[in-house]
Amino acid sequence: MARSPFAPSFWRSPLRGPWLTSVLGVVLLGGITLLFVTGLLSYAAYNPDLSPVNDKTPDKGVLGFYLFSWPTDPHWLYRLNQGVHVTLGITLIPVLLAKLWSVVPKLFTLPPARSLAHALERISLLLLVGGALFEFVTGVLNIQLDYVFPGSFYPLHFYGAWVFFTAFVAHAVLKAPLAWRNLRRLREEKTGLVSPNPAPPTVSRRGALWFVGSGSLLLFATTAGQNFDGVLRRTALLAPHGGAEPGSGPGGFQINKTAAYAGIDPGETSEEAWRLVVVGRAGRTVRLGRAELLQLPLYSSALPIACVEGWSTSDQWWRGVRLRDLAALVGYEDDPPDVFVESLQRHGAFRRAALRANQVADPRSLLALSVNGEDLTPDHGHPARIIVPAAPGVLNTKWVARLTFGDL
């Protein structure tokens, strides 16, 4: 029996072969393409070209060719996009691992390069396998809020995605005809995946696919619930925002960052101390306390909170002053511009954020003062927070201190 993985007879599983590898590859072809598209849309939702504070991936250059003004309709757009992105990514993990297992003998083929073309193919495979592992690992760590990797998640995941997907497309183009022939069984392909000395089978290839599919279904069932409330959320055992609601009452729904974690001083948010500073055309400035804001026309919007980690809430009833009405107070009566939002939060990403003019103009975009009929709790952004339809959760700034209207 061969003891070296470089010997073909070392790999004895009778399951490996062109058909199994092709089936797994076709599943990944569709799944990873959808992952890439929803990932690009997620990045575009931050409006990174609007302001440097929104862009966590500097120097993207031509890689930002697809960016556009993120819409506010439908109001659940980001909730759907990110729910699909994260849930699908988790669900595909067993398929990806099975695919890597099915082709692992290829990594030990000798000689390492038979020609220049073969060497380039091996390098592309290295980028493909390394990129896949990098993207899935950083994605899972981000979902679990475990930032153990060096640097910021945003540029790492963004640039890693482009490297991985470029290698993935090249590999798919080269291997698609082979996969199609294997699935159609038009002719036997000599791929080097079939063991020359297979061990006795303990399960069929279709049985192996059922096993992989069951693993994916299990991960789906223990992740997807974080996009819903009630009983379904309690099924999200693998999600940090699964389980029961974190409290009771009108403010008893999920949050990412508590007031204590953000370093919010209760003295700054008291009725006597807090004032909202609104700056507009030609430096026109007004300062408003909560009592003065409550005297302005108030409106209600039913909107969810949806975060990049894939979790979301159902629609909550927010009530407050429309952003476009605040813009009108400082000289923008007819055509509200972009707005730069600053929080009382001292440290951390997105303590400042920018919103596009179309987001400001939407009548559902509010400086919210209450939710579900009660004043905001400190953890939900008291004394005031932003709530905008279809925006990523981090752009719905909490503990708002200053709004500066103008073209950004």
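## Salt bridges, sheet and cavities of a predicted model

The count of salt bridges comes to 9. The structure is a predicted model, and every value below is computed from it.

### Salt bridges

One of the salt bridges joins Arg290 to Asp375, with the closest N and O atoms 3.3 Å apart. This pair connects distant parts of the chain: Arg290 belongs to helix α7 (residues 290–295) and Asp375 to strand β8 (residues 374–375), 85 residues apart. Is Arg290 buried or exposed? Its relative accessible area is 5%, so Arg290 counts as buried.

A further salt bridge is formed by the side chains of Asp325 and Arg322, at 3.1 Å from N to O. Asp325 has a relative accessibility of 21% and is therefore classed as partly exposed. Because the limit for a buried residue is under 20%, Arg322 falls on the buried side with a relative accessible area of 13%.

The side chains of Arg364 and Asp362 also meet in a salt bridge, with an N to O distance of 2.9 Å. Here Arg364 is partly exposed, at 23% relative accessibility, whereas Asp362 is buried, at 7%.

| Salt bridge | N to O distance |
|---|---|
| Arg290 and Asp375 | 3.3 Å |
| Asp325 and Arg322 | 3.1 Å |
| Arg364 and Asp362 | 2.9 Å |

Salt bridges also occur as a network, which links Asp49, Asp55 and Lys60.

### The sheet

The model contains an open sheet of 5 strands, arranged in the order β2-β1-β10-β5-β6 with mixed pairing. Its edge strands are β2 (285–288) and β6 (352–355), each of which pairs on one side only. From one strand to the next, the twist averages 15°.

How many bridges join strand β5 to strand β10? There are 5 bridges between β5 (residues 339–343) and β10 (residues 400–405), and the two strands run antiparallel. The bridge partner of Val341 in β10 is Leu403.

### Cavities

The structure holds 2 cavities of 30 Å³ or more.

The largest cavity has a volume of about 580 Å³. It is lined by 30 residues, of which Gly39, His85, Glu135, Phe153 and His157 are the closest to its centre. Helices α1 (18–44), α2 (77–91), α4 (116–143) and α5 (153–184) each contribute at least two residues to this lining. Which element supplies the largest share of the lining? That share comes from α5, with 8 residues. By class, the lining of the largest cavity comprises 20 nonpolar, 9 polar and 1 charged residues.

The second largest cavity has a volume of about 40 Å³. Its lining is drawn from separate stretches of the numbering: His75, Trp76, Tyr78 and Arg79 are among the lining residues, as are Pro304, Ile305 and Ala306, together with Val388, Pro389, Ala390 and Ala391. By class, this lining has 9 nonpolar, 1 polar and 1 charged residues.

Technical notes:
Residues numbered from 1 in each chain as written. Predicted model: local features only at pLDDT ≥ 70, side-chain atom pairs only at ≥ 80, totals over all residues. Heavy atoms only, no water. Pairing = 2+ DSSP bridges. Helix = DSSP H or I, 4+ residues; strand = E, 2+ residues; numbered from the N terminus. Axes fitted to C-alpha atoms, helices over the stretch in contact; angles between N-to-C directions. Salt bridge = Lys/Arg side-chain N within 4 Å of Asp/Glu carboxyl O. Buried < 20%, exposed > 50% of the residue type's maximum accessible area, 1.4 Å probe, protein only. 1 Å grid on protein atoms, 1.4 Å probe; cavity = no way out; pocket = protein on both sides within 12 Å on 5 of 7 lines; lining within 4 Å. Points joined across faces, edges and corners; volume = space filled by probe spheres on them. Nonpolar A, V, L, I, M, F, W, Y, C, P; charged D, E, K, R; others polar.
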